[in-house]
Amino acid sequence: TLCMGMFFCSTSQAQTVNKGAWMIGGNVSFDSEKEKDADASATYLEISPAAAYFIMDNLAVGLGVSYAKYSFDGEEILSTTSLTPGVRYYVYDAVFAQLQYSLGLGDGDNNAFTASAGYSWFLNNSVAIEPALNFSLISGDDDYSASNFGLSIGVQAFIGRN
């Protein structure tokens, strides 16, 4: 029981983020598709840097910028830029829930509401690798709507984390 108690105390202390800490990092997504027996190929690239401030223990509010580019056969079809305010809460140890709203900045850009559940795998006290499951509801011009389910991986630096 002493070993279990020491493990529980060390993981709960090491996995929480204190009020006043900053989280800086982001995600990069890349997807490439080539159809079998066809000359067509498609690529998708998204870069999403962000920063957040912990307004209380385990609760952060932040803002990010997202840039995405979609190309088909080497020709750019679509590029978008979005502002992404969000909130993150560490539910239990390193497990977090996150909500974000992406506000498209250009003509014809889509808006999206994204809910995520993930895990902060702390490499040390200041750096974490974060796999997450994401579900998005997307809306745009001309009554466009869609939903998206996916997996992301990000890297975060924590400044001022005890």
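1. The largest nonpolar core of this predicted model has twelve residues: Val17, Ala21, Met23, Ala52, Phe54, Ala60, Tyr90, Phe96, Phe122, Ala128, Ala132 and Phe158. Strand E2 (41–56) and strand E8 (127–139) each supply at least two residues of this core. A nonpolar core here is a set of buried Ala, Val, Leu, Ile, Met, Phe, Trp, Tyr and Cys residues joined through side-chain atoms within 4.5 Å. Buried stands for a relative accessible area under 20%, exposed for over 50%, and partly exposed for the range in between (1.4 Å probe, protein chains only). Strands (E, at least two residues) and helices (H or I, at least four) are DSSP runs numbered from the N terminus. In soluble globular proteins, nonpolar side chains tend to be buried together.

2. On conventions: residues are numbered from 1 along each chain as its sequence is written, and side-chain values use heavy atoms, with hydrogens and water left out. Local features need pLDDT of at least 70 and side-chain atom pairs count only at pLDDT 80 or more, while totals for chains, interfaces and linings use all residues.

3. Confidence comes next. The protein averages a pLDDT (the predictor's confidence in each residue, from 0 to 100) of 86, and 90% of the residues score at least 70. Over residues 1–15 pLDDT stays under 50, and the model has twelve contacts beyond four places in sequence for this stretch. Contact means heavy atoms within 4.5 Å. Where pLDDT is low, the predicted coordinates should not be read in detail.

4. Val17, one of the core residues, touches Phe54, Met56, Asp57, Asn58, Tyr90, Phe122, Phe158 and Arg161, not counting residues up to four places away in sequence. Among these, Asn58 is found in the loop between E2 and E3. Asn58 has a positive phi of about 70 degrees although it is not a glycine, and at 13% relative accessibility it counts as buried. A positive phi, near 50 degrees, also occurs at Asp93, a residue other than glycine. Asp93 is found in the loop between E4 and strand E5 (95–104).

5. A search of the whole structure finds five aromatic pairs. Rings of Phe, Tyr and Trp (its six-membered ring) pair if their centres lie within 6.5 Å; planes under 30 degrees apart count as stacked, over 60 as edge-to-face and the rest as tilted. Phe54 and Phe158 form a tilted pair, 6.5 Å centre to centre with 40 degrees between the planes. This pair links distant parts of the chain, with Phe54 in strand E2 and Phe158 in strand E9 (residues 145–159), 104 residues apart. Phe54 is buried at 0% relative accessibility, and Phe158 is buried with a relative accessible area of 3%. Phe54, Tyr90, Phe96, Phe122 and Phe158 form one aromatic cluster.

6. How many salt bridges does the structure hold? There are two, a salt bridge being a side-chain nitrogen of Lys or Arg within 4 Å of a carboxyl oxygen of Asp or Glu. In one, the side chains of Glu76 and Lys69 meet at 3.9 Å, N to O. Glu76 is partly exposed, with a relative accessible area of 43%, and Lys69 is partly exposed at 31%. Arg88 forms a salt bridge with Glu130, the closest N and O atoms being 2.8 Å apart. Arg88 lies in strand E4 (residues 75–92) and Glu130 in strand E8, so the pair ties together parts that are 42 residues apart in sequence. Both Arg88 and Glu130 are buried.

7. Two arginines lie over aromatic rings. The charged end of Arg88 sits over the ring of Phe96, 3.7 Å from its centre, and Arg161 lies over the face of Phe122, at 3.8 Å from the ring centre. The criterion is NZ of Lys or CZ of Arg within 6 Å of the ring centre and within 35 degrees of the ring normal.

8. Three strand residues complete the note. Ala68, in strand E3 (residues 59–72), is buried at 9%; beyond four places in sequence, its contacts are Tyr44, Leu45, Glu46, Leu78, Ser79 and Thr80. Thr84 lies in strand E4 and counts as buried at 9% relative accessibility. Ala50, in strand E2, is partly exposed at 31%.
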